[in-house]
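The following exercises concern a protein chain and its fold. Please examine the sequence and the structure before reading each solution.

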Amino acid sequence: MSTKKALTNTIFQMVVLCIVGVIINFIGIGITKVTGIHLFFDSIGTVVTSVMGGYLPGIMVGLITNLVKGLAFTPTSIYYIVVNVLIAVISYIFSRKGWIKQPMGILALIFILTVIGGGHGFLLNWVVEERMNTEEIRTVLPYEVLYDLIDKTVTVLFVVILQTVIPDKIQDIIRVEGWQQKPLTKEEEKIVKESNNRLVSLRTKILFLLVMACVAVGVAATLTSVVLYRSYTTNEHIKLAQGVTALVKSSIDPEKVDTYIEEGDDAPGYKDVEDRLYNIRNSSPDIEYIYVYKIEEDGCHVVFDLDTEELQGGNPGDVIEFDESFSPLIPTLLSGGSIDPIISDDTYGWLITVYEPVYDKDGKCVCYAAADVSMNLIKQNQIVFTIKLMSVFLGFFIFVIALGIWISEYNLILPVNTMAKSASAFAYDSEESLEENVEKIKSLDIRTGDEVENMYLAFSKTTEKSVEYMESIKTKTETIEKMQSALIMVLADMVENRDENTGDHVRKTAAYTRIIMDKLLEMGIYTDQLTEQFIFNVENSAPLHDIGKIQVSDTILNKPGKLTDEEFEKMKFHTVAGAMIIDQVIEKVPDSGYMKEAKNLAEFHHEKWNGKGYPHGLSGEDIPLSARIMAVADVFDALVSERCYKKAFPFEKAMDIIKEDAGTHFDPNVAEAFIASADRVRGVMDQFNEKN
């Protein structure tokens, strides 16, 4: 069966199961509505689909059921997605483990589903409905749990009966499995899934990444939503405070303010205004305090100050000292100016305070109308809002994680593990065993239609070819290695003969690279890369790091003075040219081990750790380790060697430069290893100096 056809069949099967499961759920909901019984039966289809079809279709049924209910019937149903999704996951686990076929397992499943559906669902309901009366919860919760116990008992028993009646062969057909290879038996699948990884399995890594991604998205979305919600509600409260203050202001006759202060309740019209202010305050439970003050140098003179249940207001004419927090605002208030709304959280609670100046007919500020609006409910509403969001997000996150696990399981983990198990069981003891192993690998029939399938086809083809040409390949490999060694020496001599400045530069730098790699191993740095083969490749291909200079003209290469910018750009091209030359060699000898490392040395040895090198501006560990090692060796030898355009630097000065440029030009670890090997470095330098 082709990959496309297998995928189409799986999707079709998944869609049919989801439709059937959702229909069963809504039939259960319809029964409860028609009969009027205080049960739900809205998760029967979810449990049936999970047990018969698998966790993914079960989760999808739970998700779709609540989405449809929320969008078409009851909006708050969306907040219970997580309940139905968790029911799907738990039901699948019990089915997968075979517990649902055992009496104790059935009882345990009923109990757990009751806790999830009854306990969690009930508490979530109280949050969603914003009725958090503890006494009511104690009274109603036992009955709700009892009803849900009956509901889940009927649900589980229905599924158990259904599983008993339906033949195993039919159940195997119903179960959704996304095999992208020859299906494995349960025993084979168990063996393939056995973890013998050195550190962490691919399954664990994928799960970790999925969880982290979902958590990151959830936290970001929740925080953003909460911040926006809080900002919106705060702005709404500010608008309320401003509106209340405007009403209070309109209720005050500015020409009578002084009379109100002097005569209080006895002043004509005072009680009428006060009653009007009480009516304004009682219009909203969020309005905490309403007062009218005349601001003088000695403090706030009370014009109106309404009593509350907890606090008695001041009497007309009372002087209230300025609060310290108002100190910056006093000059503005004394001048009759306007101030921005004030948000405070102190002994009077979390309040928004708005002051509005009241002007007389001459435009003079005679007092300030003020209102305090409480924002204490915002905290409680914010908690409720966050719980609602988390309930929705959690349901979708479980679905995303389940989908990711399901896809990675059948498209990546099982195929890769199957290939790994087949390869590890490969026997080389006889020709018959080799042929048998090849046939086993071919029979895997992995058809993921992606890179895994490409890897499988390559693996299968390579295995077959390796059996047929094992001895031939061995001979060819030996020949290629000899050709590589000879070619390197020829090319290195060509470079030295052209460049009058370098002398034994390529040989000295090769020796320095070996010194650096030995010291890095001794220091325990980059040990995963510094294999025996790597060290061999780098040391033996190091003479080719300047091979690209073959394509640089003699005029530039041997110029006694400083290069012009244009000449330097041409000189810089030797890195790319070197890589191109070695690429041509690699094309002819594709299995050349240290030719690939020679290309890294030629192309990247002028890159800098801080990204300011050339030709590509790579930085840090994006630069191959071999090139980072060569960079130190190359620069050091250039420093201590005499050129037609400069004198040789003393050994100590050159070492100081290497040390100063660690972390900018050079990999600090490589530079440290080089400096720590100063005695060996000096020995190589002296050896070649004596030779010359």
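**Exercise 1: A hairpin and its neighbouring strand**

E5 and E6 form a hairpin with 5 residues between them, and Gly363 in the turn has a positive phi of about 85°. The model is predicted: local features need pLDDT of at least 70, side-chain atom pairs count only at pLDDT 80 or more, and totals for chains, interfaces and linings use all residues. Residues are numbered from 1 along each chain as its sequence is written, and side-chain values use heavy atoms, with hydrogens and water left out.

Task: determine how E5 pairs with strand E4 and with strand E6.

Solution. 
1. Strands (E, at least two residues) and helices (H or I, at least four) are DSSP runs numbered from the N terminus. Two strands pair if DSSP finds at least two bridges between them.
2. Strand E6 covers residues 365-374, and its antiparallel pairing with E5 comprises 9 bridges. Within this pairing, Thr353 lies opposite Asp372 of E6.
3. Strand E4 (residues 342-346) is also antiparallel to E5, and 5 bridges join the two. Asp345 has Trp350 in E5 as its bridge partner.

Solution. 
1. A residue is buried under 20% relative accessible area, exposed over 50% and partly exposed in between (1.4 Å probe, protein chains only).
2. In E5 (residues 349-359), 9 of the 11 residues are buried, so the rest of the structure largely encloses this strand.

**Exercise 2: Two helices in contact**

Task: describe the packing of helix H2 against helix H4.

Solution. 
1. Two packed helices are described by the angle between their axes and the distance between the axes.
2. The axes of H2 (residues 44-53) and H4 (residues 81-97) come within 8 Å and cross at roughly 35°. Here, axes are lines fitted to C-alpha atoms over the stretch in contact, and angles run from 0 to 180 degrees between N-to-C directions.
3. Contact means heavy atoms within 4.5 Å. On the H2 side, Thr46, Val47, Ser50 and Val51 meet residues of H4 including Ile87, Ala88 and Tyr92.

**Exercise 3: A loop residue**

Task: where is Thr308 located, and is Thr308 buried or exposed?

Solution. 
1. Thr308 lies in the loop between strand E2 (299-305) and strand E3 (319-320).
2. Its relative accessibility is 18%, and Thr308 therefore counts as buried.
3. Apart from neighbours within four places in sequence, Thr308 is in contact with Arg281, Glu288 and Tyr289.
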